[in-house]
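User: I have a model open and would like to know the grounds for the terms used to describe it. Please go through them with me.

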Amino acid sequence: MSIFVDFCEHLKSNGIEFIPRHGNDEAWNQQFARLSHQPIEYSAQTIDYQHEYMSENSNQLADLSIIILSGGRISGLWVLTAADIDNQLTLTSCGKSILAPIFFDSCTRKSRKRFCSAAIKVINTASKIGFNGPLSIQQGPFGNKKDVVLTEWYKQAIQLSTSISIKHELYVDLSLSADEIRSFYRKSYKPFINKGLREWNYDIYEEGNIDKKKWMEFKDFHKKVSGRITRNNLTWDKQYQMINLGQAFLITLHGTRDNKLVGCGFFQHTRDEGMYAVAAYERSLFNKPLGHVVQQAAIEHMKTLGLKWYKLGDRLYINDSIPPSKKEIDISIFKEGFSTNMIPRFELKLSTV
């Protein structure tokens, strides 16, 4: 039997009612649209992109995400991924620690508790259907206010956890005025941005003004500055599709004198959240404030779109449970200079039976 079929049976045997996302894409999109706050990780485009990216290094991959039912009524969404990497079958959310299920406001506390209890049991016993990779879950900030609350998901998981680590997510609160946001910037960034805006012009491409030629220019530029092809063409196609669906935008940076392309940044978004996805900058100009201008332009544009939060990424530290490289730490320090909020995310490794 396939991973997908086995896992569906595993869910049912633990009393979980659901509609699989696989084969029911439109139903997922309809329910996602109903959420009072739309996290970027739960958007169909993000899931599809991450799965395509993961497929390059997976012998087998399956989308196990589900629309949660309670008494036959739709009550929430849960993102899950199965991947066979080096003959080790792992259960994750798009390659990362398993996300907490997200519930609709109408879902009762009792229903949430019942589902979370059953879901943690499903994870804890996943080895019975062949999952032999490490298992971990995450509890991050949620909702329009990015609340830090230890939910029923966390309470159920901690009973089976073998260790807990804290990660640090960087955000820009887009509900603040432009001047308030700038007041949070690292002191050195303001003159950098002003200088960069004198040296370069930027353009924003989104639904309505993007074309394949402009997208290929970004793709070729990324290959040039990376020195190699970093991922397959389908992942690039999916990102281009995001722009045409009104769920992403591209910023390009050009010299004011020669109009030469010197930098690009690609940003995804839902109705409520934006995310820094990928960027590329001319290597010979690394000492110039290229990224500073792109970030400033992205924040301004996200405000015009009415987004509530901009997710910059994690702030990494040398003493993290998985030590990052110096380059990764430096990039996260750069991002931190634009953030208005650093919010904790808990990751719990689970025991299995």
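This is a predicted model: local features need pLDDT of at least 70, side-chain atom pairs count only at pLDDT 80 or more; totals for chains, interfaces and linings use all residues.

Analyst: Residues are numbered from 1 along each chain as its sequence is written, and side-chain values use heavy atoms, with hydrogens and water left out.

User: Why are helix 8 and helix 9 called oblique to each other?

Analyst: The axes of helix 8 (residues 212–226) and helix 9 (residues 233–244) cross at roughly 135° and come within 11 Å. Helices here are DSSP runs of H or I with at least four residues, and strands are runs of E with at least two, numbered from the N terminus. An axis is a line fitted to C-alpha atoms, for helices over the stretch in contact, and the angle runs from 0 to 180 degrees between N-to-C directions. Angles under 35 degrees count as roughly parallel, over 145 as roughly antiparallel, 65 to 115 as roughly perpendicular and the rest as oblique. Helix 8 and helix 9 are therefore oblique.

User: Which residues of helix 8 and helix 9 meet?

Analyst: On the helix 8 side they are Lys212, Trp215, Phe218, Lys219 and His222, and on the helix 9 side Asn233, Trp236, Asp237, Gln239, Tyr240 and Ile243. Contact means heavy atoms within 4.5 Å. By class, the contact of helix 8 with helix 9 has five nonpolar, three polar and three charged residues. Ala, Val, Leu, Ile, Met, Phe, Trp, Tyr, Cys and Pro count as nonpolar, Asp, Glu, Lys and Arg as charged, and the others, Gly among them, as polar.

User: What makes helix 3 roughly antiparallel to helix 9?

Analyst: The axes of helix 3 (residues 44–55) and helix 9 cross at roughly 170° and come within 9 Å. That angle makes helix 3 roughly antiparallel to helix 9. Gln45, Asp48, Tyr49, Glu52 and Tyr53 of helix 3 make the contact with Leu234, Thr235, Lys238, Gln239 and Met242 of helix 9. The residues of this contact divide into four nonpolar, three polar and three charged.

User: Why are helix 7 and helix 10 described as roughly perpendicular?

Analyst: Helix 7 (residues 189–199) and helix 10 (residues 290–304) have axes that come within 8 Å and cross at roughly 90°. The two helices are therefore roughly perpendicular to each other. Helix 7 contributes Tyr189, Phe192, Ile193, Gly196 and Leu197 to the contact, and helix 10 contributes His292, Val293 and Gln296. Five of these residues are nonpolar, three are polar and none is charged.

User: What makes a set of residues a nonpolar core?

Analyst: Its members are buried Ala, Val, Leu, Ile, Met, Phe, Trp, Tyr and Cys residues joined through side-chain atoms within 4.5 Å. Buried means under 20% relative accessible area, exposed over 50% and partly exposed in between (1.4 Å probe, protein chains only). The largest nonpolar core has 36 residues, of which Leu64, Trp78, Leu91, Ile123, Phe131 and Trp153 touch the most other members. Among the elements that each supply at least two residues of this core are helix 1 (3–13), strand 3 (66–70) and strand 15 (341–350). Helix 4 gives the most, with seven residues. A second, separate core of 28 residues includes Ile181, Trp200, Met302 and Leu307.

User: Which residues does Ile123 contact?

Analyst: Leaving aside neighbours within four places in sequence, Ile123 is in contact with Trp78, Leu91, Ile98, Leu135, Ile137, Trp153 and Leu350.

User: How do you know whether Asn87 is buried or exposed?

Analyst: Asn87 has a relative accessible area of 64%, so Asn87 is exposed. Asn87 is in the loop between strand 5 (81–85) and strand 6 (88–92), and its phi is near 65°, a positive value in a residue other than glycine.

User: What about Asn259 and Ser106: which word applies, buried or exposed?

Analyst: Asn259 counts as exposed because its relative accessibility is 52%. Asn259 is found in the loop between strand 11 (248–255) and strand 12 (261–269), with phi near 60°. Ser106 also counts as exposed, at 53% relative accessibility. Ser106 lies in the loop between strand 7 (102–103) and helix 4.

User: Why is Gly143 called partly exposed?

Analyst: Gly143 has a relative accessible area of 21%, so the term is partly exposed. Gly143 sits in the loop between strand 8 (136–139) and helix 5. Apart from neighbours within four places in sequence, Gly143 is in contact with His37 and Trp309.
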